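Colleague: I would like to learn how to read a protein fold step by step. Could we go through one together, with the general idea before each case?

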Amino acid sequence: MSTTKKVVVLISKGMDDERASVAWSIANGGIKSGLEVSIFLVSSGVDWVRKGAYEHAHLNPKDPTMKHMIETVRENKCRIMVCLPCSAVRGYTPGDLIEGIELVGSPALHQLILEGAETISI
């Protein structure tokens, strides 16, 4: 078992809610702190990983752009999971989502918790 502390940031806020910027900022801070960061997107949070969606979004002028924060997560090979039912209700197919996204159910989140991950929910 890895000795690196794990954190899962559960993001339920979409492109119309500044709290989403906070969630991605917290994930970026976790990366800088040496945590093993995973993202679990539910509800309208799923919209962030639709192809082209985050390219020009900037919810909080005091934070980096959403593009910068999401690409930092991706560049650091953090696991990004999308709630399968939340994606399906929006009519998204795997082809609608950016590369590397995992469509999963809640057991994937539960497994990380069983492995010792802390959770932050925004």
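Modeller: Let us begin with what pairing means: two strands pair if DSSP finds at least two bridges between them. Please keep in mind throughout that this is a predicted model.

Colleague: What do strands of a sheet pair through?

Modeller: In general, the strands of a sheet pair through backbone hydrogen bonds, and the arrangement may be parallel or antiparallel. In this structure, 5 strands make an open sheet with parallel pairing, and their order is β4-β3-β2-β1-β5. β4 (102–104) and β5 (118–121) are at the edges with a single partner strand each, so one side of each has no neighbour in the sheet. From one strand to the next, the twist averages 25 degrees.

Colleague: How many bridges join β1 to β2, and how many join β2 to β3?

Modeller: The parallel strands β1 and β2 are joined by 6 bridges, and one place to look is lysine 6, whose bridge partner in β2 is glutamate 36. Between β2 and β3, which also run parallel, there are 4 bridges, and here you can find leucine 41 opposite valine 82 in β3. The path from β2 to β3 leads through α2, and this β-α-β crossover is right-handed.

Colleague: Which other elements make a right-handed β-α-β unit?

Modeller: β1, α1 and β2 make such a unit, and it is right-handed. Its helix, α1 (residues 19–32), lies across β1 (6–11), β2 (36–41) and β5, and runs at about 160 degrees to β2.

Colleague: In what order do the elements of the chain run from the N terminus on?

Modeller: The elements run β-α-β-α-β-α-β-α-β from the N terminus on, which comprises 4 helices and 5 strands. The radius of gyration of the chain is 13 Å, close to the 14 Å that the globule rule gives for 122 residues, so the chain is as compact as a globular protein of that length. Along the principal axes, the C-alpha atoms fill a box of roughly 35 × 35 × 20 Å.

Colleague: How should I decide whether a residue is buried or exposed?

Modeller: A residue counts as buried under 20% relative accessible area and as exposed over 50%, with partly exposed in between. Of the 122 residues in this chain, 44% count as buried. In β2, 5 of the 6 residues are buried, so this strand is largely enclosed by the rest of the structure.

Colleague: Is asparagine 60 buried or exposed, and where is its place?

Modeller: Asparagine 60 has 14% relative accessibility and therefore counts as buried, and its place is in the loop between β2 and α2 (66–75). Leaving out residues up to four places away in sequence, asparagine 60 touches Glu18 and Ser21.

Colleague: Is serine 121 buried or exposed?

Modeller: Serine 121, which is found in strand β5, counts as exposed because its relative accessibility is 57%.

Technical notes
Residues numbered from 1 in each chain as written. Predicted model: local features only at pLDDT ≥ 70, side-chain atom pairs only at ≥ 80, totals over all residues. Heavy atoms only, no water. Helix = DSSP H or I, 4+ residues; strand = E, 2+ residues; numbered from the N terminus. Axes fitted to C-alpha atoms, helices over the stretch in contact; angles between N-to-C directions. Contact = heavy atoms within 4.5 Å. Rg over C-alpha atoms; globule rule 2.2 N^0.38 Å. Buried < 20%, exposed > 50% of the residue type's maximum accessible area, 1.4 Å probe, protein only. Right-handed = clockwise from strand over helix to strand, strands pointing away.
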